[in-house]
Amino acid sequence: MAVDYTKLFQKMEEQHLSHIELVRKAGFSGNIMTRIRRGNYVSLESIEAICNALDCTVDEILEFKPEAAKEGIQ
């Protein structure tokens with residue numbers, strides 16, 4: 001399964017929050033944001049920090065998709 005963070009970016013846009021502002025508000029390094037933008041794994045601790053910063057739940061910022069969909073394979 002692959003993690004899709006599209007909902008996170010939509011939520012940030014709704015709240016008028018830049019990547020830098022989210023990093024600061026959630027209290028993690030910029031490297032975590034880079035990993036998210038690239039669709040890489042981030043820890044549950046980081047996901048929890050994001051949810052706390054945005055006052056939301058996990059299902060509001062990410063979703064799981066089959067690996068084949070991530071790679072464009074059907």
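Is D55 buried or exposed? D55 is exposed, with a relative accessible area of 71%; exposed means over 50% relative accessible area, buried under 20% and partly exposed in between, with a 1.4 Å probe and protein chains only. The legends below describe a predicted model, in which local features need pLDDT of at least 70, side-chain atom pairs count only at pLDDT 80 or more, and totals for chains, interfaces and linings use all residues. Residues are numbered from 1 along each chain as its sequence is written, and side-chain values use heavy atoms, with hydrogens and water left out.

View 1. D55 lies in the loop between α4 and β2 (63-65); helices (H or I, at least four residues) and strands (E, at least two) are DSSP runs, numbered from the N terminus. The relative accessible area of H16 is 71%, so H16 is exposed.

**View 2. L17 in the loop between α1 (6-14) and α2 (19-26).** With a relative accessible area of 16%, L17 is buried. Not counting residues up to four places away in sequence, L17 touches M12, L22 and L54, where contact means heavy atoms within 4.5 Å. L17 and L54 are 37 residues apart along the chain, and their C-alpha atoms are separated by 9.3 Å. Under the same exclusion of sequence neighbours up to four places away, L54 touches L8, K11, Q15, L17, L22 and I61.

View 3. L22, V23 and A26 are the buried residues of α2. An α-helix has 3.6 residues a turn, so residues three or four places apart point the same way. G27 follows α2 and has a positive phi, near 80°.

**View 4. Packing of α2 against α4.** The axes of these helices are 9 Å apart, at an angle of about 100°; axes are lines fitted to C-alpha atoms, for helices over the stretch in contact, and angles run from 0 to 180 degrees between N-to-C directions. α2 and α4 are therefore roughly perpendicular to each other (65 to 115 degrees; under 35 counts as roughly parallel, over 145 as roughly antiparallel and the rest as oblique). L22, K25 and A26 of α2 meet A49, I50, A53 and L54 of α4. This contact has 6 nonpolar, no polar and 1 charged residues; Ala, Val, Leu, Ile, Met, Phe, Trp, Tyr, Cys and Pro count as nonpolar, Asp, Glu, Lys and Arg as charged, and the others, Gly among them, as polar.

**View 5. The crossing of α1 and α3 (residues 30-37).** The two axes come within 10 Å and cross at roughly 120°, and the helices are therefore oblique to each other. L8, F9 and M12 of α1 make the contact with M33, I36 and R37 of α3.
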